[in-house]
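Here is a quick walk through some local geometry, a few side-chain contacts and some helix packing. Have the coordinates open as you read.

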Amino acid sequence: MSLHISDESIPSSTAATALRPSTPDKLDDLLSPDEPLPPPRAARDDIHLLIQSPYRLFLYWSHARDPYETLRRALGEAAAQYQLIIRLFDVDNGEARSHPASMDHTWWFDVAPAHGYRAEVGFFAEGKPFVHLLSSEVTRTPAISVAPESDVEPEFQDHAEGFAHLLNETGYAKDALTVALEAVDDSDTETNTRTLAHSLEGSDAPALEDADLPELRSLVAALALGENPAQARAHLSHRLARWLDSVLNEHGGEVDASRLLESLREMFGFELEYDETFVLTKNINRVSSFTWGASDVRQPSRSVRVWMPSMTLGRPDKWLPSMDMSRAREWMPSMSVGQRLHIARWRHLSDL
Amino acid sequence: MPNGFFSLILHAHLPFVRHPEHPEFLEEDWLYEAITEVYLPLLAVLSKLHEAGAHPRLTLNISPTLCEMLADPLLQERYSKHLDNLLALAEKELDRTFRALPHFHAAACMYVENLRETRRLWRNVYEQNLIDGFRRLQDAGIIEIITCGATHGFLPLISTLEACRAQIQIAVANYQKHFKRYPRGIWLPECAYAEGLDALLAEVGLEYFIADSHAVLYGQPRPRYGVFAPVRTQTGVFAFARDMETSEQVWSSIIGYPGDPCYREFYRDIGWDAPLEYLMPHLHADGQRRHLGLKYHRITGRDVAQSDKLPYEPEAARHRTIIHAHHFVEERIKQVSRLSQALDGHAPIIVSPYDAELFGHWWFEGVQFLEHVFQYLAERRQEIASVTPGDYLDLKRPIQTQRLSVSSWGEEGYYKVWLNEGNAWMYPHQHAAEARLTALANSRRTAPSDNLIRRALDQAARELLLAQSSDWAFQVYQNTTVEYATRRFRSHIRRFNALAEDIERGEIDEERLAEIERRDNLFPELNYQIYCARQKAAGQ
């Protein structure tokens with residue numbers, strides 16, 4: 001009995017397989033990487049929509065039988081009008097997009113975070129009903145920010161200012177800044193995120209609702225940290241996208257992050273501090289690239305700390321309910337406390 | 001009660017690499033290097049700390065594939081030969097460096113001393129049974145060993161519930177075999193979490209798992225204590241999330257300790273530096289140069305060219321580990337103090353997971369560093385206590401319930417490393433095999449009377465498990481050992497398909513089956529019926 005596994009497709013019951021005299025391996029499976037596996041046997045029609053990240057999905061599908069052949073048997077000559085396509089539905093906003101089905105039965109989709117998607121494969125012809133073949137389960141992309149809701153259990157309810165501090169300690173600066181803006185809004189002061197938004201937008205800006213505030217804060221934080229507006233816009237809701245467009249129109253197509261930071265400093269007393277060694281992140285010699293077995297563990301892409309006036313070595317005697325500009329100015333000289341904390345945490349080993 | 005808690009978690013894993021069909025195999029060296037540089041030193045240091053009364057307490061995941069390799073007689077025998085060979089070379093180096101390379105002689109002496117001690121531990125103390133050594137540490141209360149996916153399969157990208165469940169249940173059974181008890185926790189491979197995985201963990205009674213920071217931070221509702229307290233999933237399993245600050249101090253080659261100029265340079269190795277004819281008796285039969293583990297240079301500086309690296313000074317490096325360990329512990333105490341303010345006095349737990357192999361292999365001085373860390377932690381236990389996740393749960397503190405976010409600890413925090421344009425081709429094959437195995441198992445819920453078919457079913461399950469190893473997709477993405485990883489994946493899919501065909505035909509190629517069994521011999525206790533779909537009770 002042959003011990004050889006053919007490098008062609010799975011041996012059929014009647015095919016003879018030959019030993020390769022030059023190959024000492026009984027199983028003969030140390031094959032050249034150039035020899036791909038045959039397509040997997042499709043026992044049935046199947047479709048998979050897989051998450052790669054909050055921004056990308058991978059689709060692949062298979063047919064047990066040639067779908068065109070099936071269509072021809074059903075429709076005869078009329079089948080020639082049809083094209084096999086794939087469709088992706090955003091189940092949250094109802095948007096759909098279509099593409100011709102690829103020959104290798106795979107596709108990559110660019111998508112938005114925190115949305116549900118469903119993929120379909122079927123036949124399309126202009127003016128004809130869609131012939132549905134396959135439909136995937138709904139796949140939800142993960143969120144890329146902290147939840148807007150605190151716990152309803154009193155024991156685990158947070159206050160925004162404290163939570164912003166915690167996020168800052170964890171190295172999640174964008175989220176810390178987002179939640180710091182929430183803290184400002186919670187404090188019922190006149191100067192808040194809406195005030196900031198009005199100072200940035202153009203006259204054609206849409207009116208923002210309360211429900212838009214969490215997304216607005218996150219957007220402001222992203223822009224203040226230098227995120228590319230076009231990249232940020234790709235994942236915004238319609239209203240926030242239009243708002244961002246009005247800001248861009250007002251400011252010559254750009255968002256000046258340093259000016260935005262200046263606004264944050266003047267209005268709320270916020271400061272961002274950077275550790276410039278992390279600008280070299282891309283050049284870091286990743287352990288996994290030269291050491292077997294090393295995981296490719298993600299690291300913060302940039303060391304940023306958010307400093308808020310409430311951050312002192314000790315808790316303030318009372319919360320600062322209204323962070324008006326005069327108080328912000330009053331705090332400015334003691335910003336060195338925050339700076340000292342930052343430097344002490346991030347000093348280089350050469351200081352040891 | 002201390003002001004805070006520190007939980008060091010070491011993840012020890014290697015993919016199953018065993019090639020009895022060849023007298024030697026390059027990739028088997030991964031295991032041998034890890035035994036020499038990581039596992040034996042770790043065992044020795046933890047025992048020493050315990051005997052000195054330092055009460056180290058840490059968590060160690062030893063993946064099932066690593067357990068199987070450490071317990072495998074062939075690999076144990078090959079390691080003995082590897083160690084003897086390396087020691088012989090190191091002893092030759094004493095003479096060569098003394099005569100001609102005096103600036104390397106101190107390092108050469110260090111290697112001989114280390115390797116002689118390694119051999120003594122391997123032969124006399126642990127009698128080639130490192131699993132038993134780790135088990136005894138657990139039984140003595142020094143470490144808490146947790147399990148991992150059976151073959152480190154990337155669970156969110158496994159397509160069937162049965163195959164996902166099998167990765168977990170086979171792992172638990174394997175753990176019980178090696179460690180004679182039930183595991184409390186699990187290291188999800190790559191800390192990869194997707195909704196529903198916790199339900200599978202709860203099914204088998206696992207209490208906790210390790211996740212990345214944004215699994216909890218982006219979960220719902222907001223985590224009151226951030227990553228500085230565990231959360232409970234809705235199925236009752238707890239998640240402990242990674243602290244980024246401590247991660248950077250070891251992982252980062254820029255600001256982390258391992259990048260210190262005093263420490264040993266990884267890339268300069270006598271396998272590349274010494275004359276080839278001198279090395280030949282110690283290389284593999286192919287005579288190809290490779291890393292041998294004897295390195296004489298120190299990092300010297302971040303931008304120093306390899307050719308300009310200075311000689312390694314063991315004493316200076318050892319002294320540096322003391323300074324860094326002290327700094328690490330002091331920073332943890334300060335971190336706890338800062339966090340306590342943000343947490344309204346709630347004592348935080350700082351969870352620090354790392355690959356075990358970083359300590360000793362990449363960072364040569366890493367195990368020494370850990371020794372000193374635990375010595376200092378013992379002195380400061382009133383301020384910060386070293387605990388395992390199990391210890392923390394035993395405190396019975398109130399814990400928030402949360403739905404975690406999809407996540408992993410890989411690059412960019414999701415699944416990109418394991419699913420991208422370079423390795424997406426693997427999943428149709430893997431998923432087809434997963435579905436096919438469940439179909440085969442379902443049609444044979446009662447074990448077949450034909451023992452050959454039973455063996456073929458069990459072996460098909462092993463081949464699927466080996467194909468599912470996340471290491472292959474990872475290595476393809478990293479562009480490190482692409483050829484080997486690709487070959488391995490294809491081999492296991494081919495073997496699976498061949499066995500599946502035989503089973504479906506009812507005619508097993510016995511000689512081929514025996515050869516496959518001989519090579520891929522992990523999990524002898526495995527039962528294919530674990531892949532059966534669960535049947536609904538009547539009336540459901």
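## Arg232(B), in between

In this predicted model, Arg232(B) has a relative accessible area of 28%. Buried means under 20% and exposed means over 50%, so Arg232(B) ends up as partly exposed. You'll find Arg232(B) in strand β6 of chain B, which covers residues 231-232. For a distance to check, take Glu207(B): 25 residues separate Arg232(B) and Glu207(B) along the chain, and their C-alpha atoms are 9.7 Å apart.

The average pLDDT of chain B is 94, and 99% of the residues score at least 70. For the model as a whole, ipTM comes out at 0.94 and pTM at 0.89.

Arg268(B) sits in the loop between α9 and α10 of chain B, with α10 running over 270-273. Is Arg268(B) buried or exposed? Its relative accessibility is 18%, and the cut-off for buried is under 20%, so Arg268(B) counts as buried. The side chain of Arg268(B) has polar contacts to look at: one of 3.0 Å with the side chain of Asp273(B), and one of 3.4 Å with the side chain of His297(B).

Over in chain A, His198(A) is part of helix α4, residues 193-200. With a relative accessible area of 53%, His198(A) is exposed. The side chain of His198(A) makes a polar contact of 2.9 Å with the side chain of Glu201(A). His198(A) also pairs up with Ser246(A) as a distance check: they are 48 residues apart in sequence, with 11 Å from C-alpha to C-alpha.

Most residues other than glycine have a negative phi, and most peptide bonds are trans.

Where does Lys180(B) sit? Lys180(B) is in the loop between α6 (161-179) and β4 (185-187) of chain B. Lys180(B) isn't a glycine, yet its phi is positive, at about 60°. With 61% relative accessible area, Lys180(B) is exposed. Cys191(B) also has a positive phi without being a glycine, near 50°. The loop that holds Cys191(B) lies between β4 and α7 (197-203) of chain B. Cys191(B) has a relative accessibility of 1%, so it counts as buried.

Then there's a cis peptide bond: the one from Gln220(B) to Pro221(B), with omega near -10°. Pro221(B) belongs to the loop between α8 (213-217) and β6 of chain B.

Asp212(B) lies in the loop between β5 (208-211) and α8 of chain B. Its relative accessibility is 0%, so Asp212(B) counts as buried. Asp212(B) and Val387(B) are 175 residues apart along the chain, with 19 Å between their C-alpha atoms.

## Helix α16(B), end to end

Helix α16 of chain B takes in residues 451-467. At the start of α16(B), a side-chain oxygen of Asp450(B) comes within 2.9 Å of the backbone nitrogen of Leu452(B).

How many of the 17 residues of α16(B) are buried? The count is 13, so α16(B) is largely enclosed by the rest of the structure. One helix that packs with α16(B) is α19 of chain B (residues 510-519), at an angle of about 40° and with the axes 10 Å apart. That angle makes α16(B) oblique to α19(B). Their crossing is left-handed.

## Another pair: α9(B) and α12(B)

Helices α9 (residues 244-251) and α12 (residues 314-342) of chain B have axes that come within 11 Å and cross at roughly 165°. Angles over 145 degrees count as roughly antiparallel, so α9(B) and α12(B) are roughly antiparallel to each other. The crossing in which α9(B) passes α12(B) is right-handed.

Terms used. Residues are numbered from 1 along each chain as its sequence is written. Chains are lettered from A and ligands numbered from 1 in the order in which they are written. This is a predicted model: local features need pLDDT of at least 70, side-chain atom pairs count only at pLDDT 80 or more; totals for chains, interfaces and linings use all residues. Side-chain values use heavy atoms; hydrogens and water are left out. Helices (H or I, at least four residues) and strands (E, at least two) are DSSP runs, numbered from the N terminus. The expected span of a helix is 1.5 Å times one less than its number of residues. Buried means under 20% relative accessible area, exposed over 50%, partly exposed in between (1.4 Å probe, protein chains only). A polar contact is a pair of N or O atoms within 3.5 Å; within protein, one must be able to donate a hydrogen and the other to accept it, and residues adjacent in sequence count only if both atoms are side-chain atoms. pLDDT is the predictor's confidence in each residue, from 0 to 100. Axes are lines fitted to C-alpha atoms, for helices over the stretch in contact, and angles run from 0 to 180 degrees between N-to-C directions. Angles under 35 degrees count as roughly parallel, over 145 as roughly antiparallel, 65 to 115 as roughly perpendicular and the rest as oblique. A crossing is left-handed if the near helix is turned anticlockwise from the far one by less than a right angle, and right-handed if clockwise.
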